[in-house]
Amino acid sequence: MFGTADLKLCGTAILLVLGVLTNVFNLGVMLVQQWRSRSVNTMAVIISFISLGNTVLQVSTFVLMAMVWAGVLCWPDLPFFFCVVLFVWLSSSSVSFWSVAWLSVFYCMRVLSFSLVLLRALKDNISSILKVTLVVTLLTSCVMFTPFLYLHFGSRSLAPNVTENAACVIRKPLFPNWVDVNIYVITFICYLTLMPLMIMLPTSLRMIIYLCKHTLSMQKKSSSFHTVESYLLICRLTVALVWVYLTTLLTISLYYFHAIFASGLSAEMLFLGLSFYCVASAILLTCSNKNLREKLKALFPRGKNTNTLRVCQEC
C-alpha cells in the first residue's frame, strides 16, 4: 500500500509532467517567434524567462522531493548534489517570481498613459530597461542563494537510547558559521517573495482597473461584443494570475518564517504548492497571450472554425 509520502510524490510527478509540457510549449512558441521575426520582443523574452524558470523549478522540486523521500536527510553526510539542487531550486523560483513581476510592469506601462515626463520617458524605454533588468535579476538570484551551496550537517551525536541501526532520524542542514541565519533568511525571503509582490500587486491592480473602465466605456458605446469580451478575458486572467502569485508567495513566506521561529511546516506542502504554481502560471500565460493561444488552438483544432478573440497586441 502507498503511504502519504508516496502519494504526495506521485502527485508531484503528475504536476511535473503537466507543468513541463505547458512551460516547454510556451518557451518553444516564444523562441520560434523570435527566430522567425529576427528581432527581440520584450514580452516574448519575459515569457521565455518565466517558462524556463518554471521548467527548472518544477524539475528541481521533484528531484528535491524524491531525495527527501529517499532519506537523504538521514545520511551521515549531506551530499553536495543536494545542495546544488537546492540552490537551483531557489534561484529558478526567484527568476520566475521576478519575471512575472516584470511582465506585469511591462503590460502596465504599455497599456496606461502618463502625464509626467519621467513616466513617459520610462514608458518609451521600458523594453530596453526590462531586458537589462532580466539579466540583472538572473545574476542577483544566483548570488543571493550561493550560501546554500555550503550547507552541511553538524557534528553527529546520537541520543542515549538511539543506536546506529535505529530508524531514520531527519537531520537539519546548517549554514556555515560566517552566515547569520536569521538575518540571511529574512533577507532572502524579502528578495524572493515580498519585493516581487510589491511590484506585481500595484501594477496588476492598476491595469485591471484601467481595463475594467475601458470595457465599461466600450459597452456604453456599443462596441463589438468580441472586443469587449477580449478585455474581460484579460481582466479575469490577470486576477487569476495575481491570486496564484499571491498565494504561492505567502505560502513560501509562511513556511520559512515558521521554520525560523517555530518547529517548521511540512516541506512536502511547499513542494506541492510550487508545483501547482508552475502549472497554473503556465496555463494562465498561455490563455492570456494571443500568440500562445493561437498556437494551442492550431494544435487542437475544433470541428468548426470559430472567431478568435481580438486581444490587443501588447497582451
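Guide: A crossing of two helices is left-handed if the near helix is turned anticlockwise from the far one by less than a right angle, and right-handed if it is turned clockwise. This is a predicted model, in which local features need pLDDT of at least 70 and side-chain atom pairs count only at pLDDT 80 or more, while totals for chains, interfaces and linings use all residues. Residues are numbered from 1 along each chain as its sequence is written, and side-chain values use heavy atoms, with hydrogens and water left out.

Visitor: Which handedness does the crossing of α3 and α8 have, and at roughly what angle do their axes cross?

Guide: Helix α3 passes α8 in a left-handed crossing, where helices are DSSP runs of H or I with at least four residues, numbered from the N terminus. The axes of α3 (residues 80-111) and α8 (residues 267-288) come within 13 Å and cross at roughly 35°, the axes being lines fitted to C-alpha atoms over the stretch in contact, with angles from 0 to 180 degrees between N-to-C directions. Trp-89, Ser-96, Phe-97, Val-100 and Leu-103 make the contact from the α3 side, and Leu-270, Phe-271, Leu-274, Tyr-277 and Leu-285 from the α8 side (contact means heavy atoms within 4.5 Å). By class, the residues of this contact of α3 with α8 comprise 9 nonpolar, 1 polar and no charged.

Visitor: How many aromatic pairs does the structure hold, and what is the geometry of Phe-148 with Phe-188?

Guide: A pair of aromatic rings is described by the distance of the centres and the angle of the planes. The structure holds 14 aromatic pairs (centres within 6.5 Å; planes under 30 degrees apart are stacked, over 60 edge-to-face, and the rest tilted). Phe-148 and Phe-188 form an edge-to-face pair, with 5.6 Å centre to centre and 75° between the planes. Because Phe-148 lies in the loop between α5 (126-144) and α6 (181-220) whereas Phe-188 lies in helix α6, the pair ties together parts that are 40 residues apart in sequence. The rings of Tyr-184 and Phe-188 have their centres 5.4 Å apart and their planes at 55°, so that pair is tilted; these two residues, 4 residues apart in helix α6, are separated by about one helical turn. Phe-145, Phe-148, Phe-175, Tyr-184 and Phe-188 form one aromatic cluster.

Visitor: Which residues does Ser-94 contact beyond its neighbours within four places in sequence, and which does Thr-137 touch?

Guide: Ser-94, in helix α3, is buried at 0% relative accessibility and is in contact with Ser-141, Phe-145, Tyr-191 and Leu-192, leaving aside neighbours within four places in sequence. Thr-137, in helix α5, is buried at 6% relative accessibility and touches Trp-98, Trp-102 and Tyr-191, not counting residues up to four places away in sequence. Thr-187, in helix α6, counts as partly exposed at 37% relative accessibility, and the C-alpha atoms of Thr-187 and Met-144, 43 residues apart along the chain, are separated by 9.1 Å.

Terms used:
Nonpolar A, V, L, I, M, F, W, Y, C, P; charged D, E, K, R; others polar. Phe/Tyr/Trp six-rings, centres within 6.5 Å; stacked < 30°, edge-to-face > 60°. Buried < 20%, exposed > 50% of the residue type's maximum accessible area, 1.4 Å probe, protein only.
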